[in-house]
Amino acid sequence: MDINVKVKPNLQIRAFYLFFIIAGIQLGVGIIGAPKFIFVEAERDSWLAILIGFLFMCVVVGVMFFILNQYENADYFGIHVDLFGKWIGKFLGTLLIIYLGASFLSILMTYIQVIQIFLYHALPNWIITSLIMILVLYTVFGGIRVVVGVTFIFFIITLSLLTVLYDPLLRINMYNYLPMFQASFPELLRGAKATAYTFAGFEILMIIYPFVSNKRNAKLPVYLGLTFTTFLFILITMLSIGYFSAKGLKNIDWALLILVKSASFTFLERLDYIVVIVWLMVIIPNLVLLMWAMAYGMKRLYKIQQRKTHYLFTGIILIAVNYFQYGHQITKLTDFIAKTGFWIVYIYPLLLLPIVLVRKKLKSSGRSKPS
Amino acid sequence: MRKLTIMIFSTMLFLSSCLPTLQLEDLGVITSQGVDMTEKDEIEITMSVLQFQANSTSPTTIVSGVGSTIKGAVEDAGQKVSQQLVPGKLELEIYSKEVAEKGIQPYLDTLRRDANIPDTLFLAVAEEKAKDIFHIKEEYISTNIGEFLHGLIQPGSEQRLFPGISINKFSTYINNEGIDPIAPIIGLREGTPVITGIALFKDDKMKGQLPIEFEHYFTLNEGTVREDLVEFELPMEPFTEYLPKGSGDEEKLKIVALIEEGNGKIKLKDKKALKFDTNIKIVLNLLEISRQYKLDDPKAIAQLEKEIEKQTKSQYEDILKYLKELNTDIFGYGMIYRTNKKGGKLTDKEWDEKYPNIDVTFNVKVDIVRHGTVNR
């Protein structure tokens, strides 16, 4: 297996699109329910907790860039094999793919649950899944450029959803924010940890990076993407805190959708239905990016055709969704993804860093000896 | 590839029929409903239902059902009509006074839990039985009852103020320590439903009521009031020097003005002694005055402002005294107290004990900026 990837010029993407890839994969189902989880920990100072999460995320992304720049054109799969040898490297790569698959499932299940609560109560999971998977398969068959294109277009379209938030903005109660700065530092850290599920997704950078054609300009769009997500996250969390009572917010599962419910126009009575449906456009970038990353990983590790992985995984998903019938199962799955995601996405690159550094030193000293 | 495309399209075609269809003709759209208690302690729901049938004479029918839960009662009512009852456009829920006094928390649950029920739903309390409001003769009102009731509430809802008390606002206030909700009371006057008063709640239980004339004292405190008519009745003596001679001899000077902008702010003055300041600011546009008055004289206007301030202040003091008796904190002093407290936490019990002892100074500032096209 090659450690560095040779990407054909017709498959490369411009660094500019990294903004949409990062923001697109971070904004998904997580943000619908996230205000509750952060508020439970950090109360009124949730925005501080999110900012701490953001700073930590920036450090992790900085480390990711550092690791990536040690190689010519490598990704997670190549770096693993380079550092740990063929067997352990491939094992770690497989774990990563399983994690991506599990987060795919959790995104899908959460969305299905939203549809079943808001729209069609009795619609079986597998029907919704089939309809969504048709879209996903159709996109990923187009290859990396179509995947990025879909992410870009859906991101632009769904931005308009934000305007719906004007109504709860007018109804917020300013006193809910006071007094500020009451949360203790451990509470803030726990709140920051609660952002892990929503912020997760930027690990895609370690997989998609070899496809970027102008790598020198890659940092800015990535950091901007992170900033944009953080801004949106703080906005929605603060709106929820202002709009709901403290006791109420702790019991609300889909804070964002309830926020949207209060808006209504004379020509459009129930905006929430539209938002629930349009939210599909928000999660499709999530799903296609994850699907692409998984299939690409399989190709890198085991030389399996991407198309075959797509079909296989779709089959697994279609079977797996039928086992999730209860709300608590989905909560459990999401909790599990949030917990493991915290280690895989946030902590793992930091652990990898010293290994990469040692390796680099060994290599350079090995190289300098003969000279 | 073509095979795949055909396959994809056919799956989309067939799978879409898995969605349950809802045809408008088969639906009864509930626009408003009233909740009563029967003698057997069961819930009785009276609904105004919109139906879309070509041969029916009236677009709405009134249906009622009895059950031990809200949903059960709706189900019971559903058996009396040929359509399926759907709550997707529920605009108003009215509770009978008896139900409101017992506490409406149990009825709010399904409203918040069921995602099909819109959050733009308003709450109100009936003067007596909620079903009486629905069983009126339609000749008295120009439209159907559901639309009519919603129209009563509508003006406030555009400003997000009373009487538009949405389900979310109400439940937020219940859960918030240090502020209690209000709701409009709807009653019948000569066979027509009107808003007759303000129901004062303590958490989810109705404790008392005030006539609707006091509306402004609450809306001013709730947020910024714009374009709202207000009436004052002032004693005549302070104005004698500004009244042209021989222009009548009523005992009271009656004034109608438009609030161009008005708002109230609460400040905590002394945390230990529980001293609060409420600063009310009202900008008025004079529209009607019962006697000729020297409005071209700035001093005369100042005198008018002073008297309105005095009266508003004493009204506020009376209202607060009554609220203290009921121990309901409608104005939200507890909320201000909480924000100034370390840790920002306040329990219901703690505030219940402290609230009757608070000391509030009302500072009312009235500005009459315009008085129409004529001076006298």
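This is a predicted model: local features need pLDDT of at least 70, side-chain atom pairs count only at pLDDT 80 or more; totals for chains, interfaces and linings use all residues.
**View 1. The largest cavity and the residues around its centre.**

**View 2. The helices that line the largest cavity.** Four elements of chain A each give two or more residues to this lining: helix 6 (144–159), helix 11 (219–243), helix 13 (255–261) and helix 14 (271–302). What classes of residue make up the lining? There are 20 nonpolar residues and three polar ones, with no charged residues.

**View 3. The second largest cavity, with a volume of about 160 Å³.** Here 17 residues form the lining, and nearest the centre you'll find A:I25, A:I107, A:Y197, A:A200 and A:N286. Helix 14 of chain A turns up here too, supplying at least two lining residues, as do helix 1 (18–26), helix 4 (76–118) and helix 9 (196–199). Which helix gives the largest share? That's helix 4 of chain A, with four residues. Sorted by class, the lining of this second largest cavity has eight nonpolar residues, eight polar ones and one charged.

**View 4. Helix 2 of chain A packing with helix 3 of chain A.** Zoom in on residues 30–42, which make up helix 2, and residues 46–69, which make up helix 3. The axes of the two helices sit 9 Å apart, at an angle of about 105°. Angles of 65 to 115 degrees count as roughly perpendicular, so that's the word for how helix 2 and helix 3 of chain A sit to each other. On the helix 2 side, the contact is made by A:I38, A:F39 and A:A42, and on the helix 3 side by A:S46, A:A49 and A:I50. Of these contact residues, five are nonpolar and one is polar, with no charged ones.

**View 5. Where chain A meets chain B.** How many residues are in contact here? On the chain A side there are 36, and on the chain B side 34. Between them the two chains bury about 3100 Å², with carbon and sulfur atoms giving 56% of that area. Look for A:I134, A:Y175 and A:K261 in chain A: they lose the most area to chain B, together 18% of what the chain A side buries.

Technical notes. Residues are numbered from 1 along each chain as its sequence is written. Chains are lettered from A and ligands numbered from 1 in the order in which they are written. Side-chain values use heavy atoms; hydrogens and water are left out. Axes are lines fitted to C-alpha atoms, for helices over the stretch in contact, and angles run from 0 to 180 degrees between N-to-C directions. Angles under 35 degrees count as roughly parallel, over 145 as roughly antiparallel, 65 to 115 as roughly perpendicular and the rest as oblique. Contact means heavy atoms within 4.5 Å. Ala, Val, Leu, Ile, Met, Phe, Trp, Tyr, Cys and Pro count as nonpolar, Asp, Glu, Lys and Arg as charged, and the others, Gly among them, as polar. On a 1 Å grid over the protein atoms alone, a cavity is a set of points where a 1.4 Å probe fits but cannot get out, and a pocket is an open set with protein on both sides within 12 Å along at least five of seven lines; lining residues have an atom within 4 Å of a point. Grid points are joined across faces, edges and corners, and a volume is the space filled by probe spheres set on the points. Buried area is the accessible area (1.4 Å probe) that two parts lose on being put together, summed over both.
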